[in-house]
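Hi,

Here is the structure I said I would pass on to you.

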Amino acid sequence: MPVPVFERGLAGLRGNHHIEYFQLDESQDFVPVSVSECSIREYLGTPAQVAARVRDVEILIVHGGPVTDEVLAAAPALRLICCARGGPVNVDVAAASARQIPVVNTPGKNAESVADQALAFMVMLARGFPKAQRFLIEGGRLGESAFEGARFLGHDLGGHVLGLVGFGNVGRRVHRRAVAFGMRLVVYDPYVKVGDLASTEQVATLAELLARSDFVSLHVRATAETENFFGSAQFAAMKRGSYFVNTARESLVDEEALDAALASGHLAGAALDVVRPRAQEGPHPLLRHDNVVITPHIGGATHETLLRGVTMVADEIQRFAAGELLRAVVNRAALEAPAKSTISRPGSVEA
């Protein structure tokens, strides 16, 4: 998160709060040792860099900056931690809770961007764009015939069935876009009631969704229970000639099973924004198929997503300063201490 994005998103706070900004030095080496350091992930910079700047800070805002017990110990005035991302995995939430410090995050900040990507993936797969692109990359020549596209005949999205596995922040937005494309939808989510939505049916089982869908788009949280949520059985249960899209998390998919389903011709294609880390160099094995798209986890990588995360944080700080209930608290029990719930004077904010 560049400092100028923080400055733009927090502009509305300047009149009532003293705000300082600093950019972490990502080049500094850091080897986690303590329990707190080992509990965080997906961070940039070092805890020491953050700790050096927070002595008198009441509110700390980070994007990828590490927040450990070392940072908390260096910030005796700290009363609120804001993490401008969907999951505060770079924050030791347990250590913050032990100090009665609320931690807020920005759930759904990238939902619009990821939903856009999911629909883009579907268009690319349906129209055979990966195969057509590979044709040109490998030296295929563009002819002058008006019927040249015959070798790359694809499908419209309209009239086809999209199965949404999960109907949360992203799933709902994919639904709206898919309806605009003229698709019919089936939804599987045992935790959400979809209600009366146009061109949409909620099904009771994943098996029913898989059997009916021309496209399956995955929008499920990564938990221990959803590890390899899609494996051989699920791919076999999908309609022959259907397409698979994953813009959620890599742990949800058994990639070897997906590779086998593609190699057998059972699936017509797949698009993934996330894949499991590999020690081997070179192209990902799934890219041997000319009906596969893989992007390097860029679903939320838009300027709008970054700014949206900061403005969501700014709204939470306004609520905190006014003594109002915070909306996106990941450790809500920490709010039980009333002395921590308001700012009695213009606060000091570090971003």
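Below is what turned up, starting with a pocket and moving on to a pair of helices. Keep in mind that this is a predicted model.

First, the second largest pocket. It holds about 240 Å³ of space, and 16 residues line it. If you want to find its centre, look for Leu125, Arg127, Gly128, Lys131 and Leu153, the lining residues that lie nearest to it. Helix 6 (111-126), helix 7 (129-137) and strand 10 (267-272) each give at least two residues to the lining. Sorted by class, that lining has seven nonpolar, five polar and four charged residues.

Now stay with helix 6, and bring in helix 8 (residues 169-180). How do these two sit relative to each other? Their axes come within 8 Å and cross at roughly 50 degrees.

On the helix 6 side, the contact includes Ala111, Val114, Leu119 and Met122. Helix 8 brings residues including Asn169, Val170, Arg173 and Arg177. Taken together, the residues of this contact divide into nine nonpolar, one polar and five charged.

Cheers

Technical notes. Residues numbered from 1 in each chain as written. Predicted model: local features only at pLDDT ≥ 70, side-chain atom pairs only at ≥ 80, totals over all residues. Heavy atoms only, no water. 1 Å grid on protein atoms, 1.4 Å probe; cavity = no way out; pocket = protein on both sides within 12 Å on 5 of 7 lines; lining within 4 Å. Points joined across faces, edges and corners; volume = space filled by probe spheres on them. Helix = DSSP H or I, 4+ residues; strand = E, 2+ residues; numbered from the N terminus. Nonpolar A, V, L, I, M, F, W, Y, C, P; charged D, E, K, R; others polar. Axes fitted to C-alpha atoms, helices over the stretch in contact; angles between N-to-C directions. Contact = heavy atoms within 4.5 Å.
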